[in-house]
Amino acid sequence: MKYDVRQLPLLSNEEIAQGIFDMRLRYEQDDLPVSCGQFAHVYVPGKTLRRPISVCDASDGVLRLVYQVKGEGTRLMSQMKGGSVDVLVPLGNGFDIQKGRRYCLIGGGIGVPPMLYTAKQCDDPLIITGFRNKSLVILQDDLRSQGETLLCTDDGTAGRQGFVTDLLRERINEVDEVCACGPTPMLKAVAAVCKESGKPCRVSLEERMGCGVGACLVCAVKVRKNGEEIMQHVCKDGPVFNAEEVVF
Ligand SMILES: Cc1cc2nc3c(=O)[nH]c(=O)nc-3n(C[C@H](O)[C@H](O)[C@H](O)COP(=O)(O)OP(=O)(O)OC[C@H]3O[C@@H](n4cnc5c(N)ncnc54)[C@H](O)[C@@H]3O)c2cc1C
Ligand code: FES
């Protein structure tokens, strides 16, 4: 795993939906070899542990990290204005996007941001996003410029009422492969639909992290390889895993 510690100038850090911020950092163009689905580990002054945030975009010299305020670390991040941000990047494996295949990209809630940079690597992706309600809907204009988008909310206040899996079931025959990021129950349901339809599926898992680089074991998850259950690190072996191998 090749990563660097970088001090990236903060361009902006704006609230784009209730409690959700879009942080934009400047990097020297062509100088950030990041794959879609990888993450940045953000240093928050005053906190010992960095905070893992997926790469939402890394184009034209701007690294975008879209995050939701959950606790003290992300609250402090949301208050950052000007100066530079210390990030360890790029971390993790990312989605392996192949030319000539049609992908369905699925994002649920704060799992939507990595799907923007992923969509940029795909030819004509079908992008399905789901949120609890209208106030949490993000990135629709950005995603629409990358492919066909379908939106749903749990309460029907934006897009169709229902879950991403309802939309996936209707359209799964049109795609070769599915990539998903979001809450674990959603990933489990998406994996089940893909299994029924015989479509390959990759899921990006979220686990509490310490070091972010495979040295502390905090992020261990159980996966099944060759019929055996083994532990792997979300930070180093993931965050993207073959859904068939994940022990949900
Ligand atoms: C690979 C990966 C990518 C992620 N991408 C995004 C993203 O793009 N946008 C976004 O909003 N969130 C993302 N998260 C979740 C985000 O890292 C947590 O919400 C954040 O670390 C919470 O920090 P806190 O200090 O606000 O919360 P606290 O609960 O106060 O955090 C306490 C400690 O637990 C860790 N922690 C708490 N929740 C999580 C969590 N869900 N995952 C990992 N560590 C956690 C924190 O890093 C910190 O060390 C991602 C997590 C992972 C593992
Ligand atoms: S966070 Fe330390 S091993 Fe993954």
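Reply: Gladly! Let's start with pairing: two strands pair if DSSP finds at least two bridges between them. Do keep in mind that this is a predicted model.

Me: What makes strand E3 (residues 39-42) and E7 a pair?

Reply: They share three bridges in the antiparallel sense, and the rule asks for at least two, so they pair. One bridge partner to look at is Leu 88 in E7, which belongs to His 41.

Me: How do you know that strand E1 (residues 4-17) pairs with strand E7 (residues 84-91)?

Reply: Here six bridges join the two strands, again in the antiparallel sense. At least two are needed, so E1 and E7 pair as well. In E7, Ser 84 is the bridge partner of Pro 9.

Me: Why is ligand 1 said to lie between two domains?

Reply: Because domain 1 (4-91) and domain 3 (205-248) both give residues to the shell around ligand 1. That shell holds 22 residues, with Ser 54, Tyr 67, Gly 71, Gly 73 and Thr 74 the closest. Strand E4 (51-54), strand E6 (62-68) and helix H1 (72-78) each supply two or more residues, and E4 has the largest share, four residues.

Me: How do you know that the span of helix H5 (residues 184-197) agrees with its number of residues?

Reply: At 1.5 Å a residue, its 14 residues should span 20 Å, and the end C-alpha atoms are 20 Å apart, so the two agree. After H5 comes Gly 198, with a positive phi near 70°.

Me: What makes Met 186 of H5 buried?

Reply: A residue is buried if 20 or more other C-beta atoms lie within 10 Å of its own. Met 186 is among the buried residues of H5, as are Leu 187 and Cys 194. Their cover includes helix H4 (164-171) and strand E8 (103-108).

Conventions:
Residues are numbered from 1 along each chain as its sequence is written. Chains are lettered from A and ligands numbered from 1 in the order in which they are written. This is a predicted model: local features need pLDDT of at least 70, side-chain atom pairs count only at pLDDT 80 or more; totals for chains, interfaces and linings use all residues. A residue is near a molecule or strand if its C-beta atom, placed from the backbone, lies within 6 Å of it. Domain bounds come from an automatic or database domain assignment. The expected span of a helix is 1.5 Å times one less than its number of residues. A residue is buried if 20 or more other C-beta atoms lie within 10 Å of its own, exposed if 12 or fewer, and partly exposed in between; C-beta atoms are placed from the backbone. Two residues are in contact if their C-beta atoms, placed from the backbone, lie within 7 Å.
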